[in-house]
Amino acid sequence: MAKKNILVIEDNHAILDVITLILESEAFNVAGLNKGADFIQHVHDFEPDVIIMDIMLPDIDGRILLKELKETETTKHIPALMISARYNSTNYILDGVEADDFMAKPFNIDELMDKIYALLKKSAI
């Protein structure tokens, strides 16, 4: 099976590094961004199988990026996992656009991996 691509958008470098190391140890190709600039272009270039996205980014609200992702014909099929320390699974939704899954920070690594594998299975159907 080909390696799966996972795009991580997280402005906290320590969290981004930890997620990247864990995913790479699980044999994923990982690309990391620490801001939302040129998000859709990165998605088109990297062709991720799953996107992990923080809500609070320095240059844009991650929920706006999620809306852009889900409203773009060529990217709306890509599963997105939203992560946040401020929001929870019931109050992060913006303009009726929901992610495929949500995780509050701090999070458990095993739970993160379970959610990623579930999203990969979902996207393969």
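**Entry 1: terms and model.** I call a helix crossing left-handed if the near helix is turned anticlockwise from the far one by less than a right angle, and right-handed if it is turned clockwise. The model I am reading is predicted, and local features need pLDDT of at least 70, side-chain atom pairs count only at pLDDT 80 or more, while totals for chains, interfaces and linings use all residues. Residues are numbered from 1 along each chain as its sequence is written, and side-chain values use heavy atoms, with hydrogens and water left out.

**Entry 2: the sheet.** I looked up the strands (DSSP runs of E, at least two residues; helices are runs of H or I, at least four, and both are numbered from the N terminus) and found an open sheet of five, in the order β2-β1-β3-β4-β5, with parallel pairing. Strands β2 (29-33) and β5 (101-104) stand at the edges with a single partner each, so one side of each has no neighbour in the sheet. From one strand to the next the twist averages 15 degrees. Strand β1 (residues 5-9) runs parallel to β2 and is joined to β2 by five bridges (pairing takes at least two DSSP bridges), and I noted that Ile6 stands opposite Val30 in β2.

**Entry 3: helices on the sheet.** Helix α1 lies across β1, β2, β3 (50-54) and β4 (80-84), and runs at about 170 degrees to β2. Helix α2 lies across β1, β2 and β3, and runs at about 165 degrees to β1. These angles run from 0 to 180 degrees between N-to-C directions, with axes fitted to C-alpha atoms.

**Entry 4: α1 with α4.** Helix α1 (residues 13-25) packs on helix α4 (residues 109-124) at about 60 degrees, and I read 12 Å between their axes. The two are therefore oblique to each other (under 35 degrees is roughly parallel, over 145 roughly antiparallel, 65 to 115 roughly perpendicular, and the rest oblique). Their crossing is right-handed. In the contact, Val18, Ile19, Ile22 and Leu23 of α1 meet Ile109, Leu112, Met113 and Ile116 of α4. I sorted these residues into eight nonpolar, no polar and no charged (nonpolar: Ala, Val, Leu, Ile, Met, Phe, Trp, Tyr, Cys and Pro; charged: Asp, Glu, Lys and Arg; the others, with Gly, polar).

**Entry 5: α2 with α3.** The axes of helix α2 (residues 39-46) and helix α3 (residues 62-71) come within 10 Å and cross at roughly 50 degrees, and α2 and α3 are therefore oblique to each other as well. This crossing is right-handed. Here Phe39, Ile40 and Val43 of α2 meet Leu65, Glu68 and Leu69 of α3, and I count five nonpolar residues, no polar and one charged in this contact.

**Entry 6: two loops.** In the loop between β5 and α4 I found Pro106, where the peptide bond from Lys105 to Pro106 is cis, with omega near -10 degrees. The loop between α1 and β2 holds Ala27, whose phi is near 70 degrees, a positive value in a residue other than glycine.

**Entry 7: residues 5-120.** Over this stretch I read 37% helix and 21% strand, with the end C-alpha atoms 10 Å apart.

Terms used:
Contact = heavy atoms within 4.5 Å.
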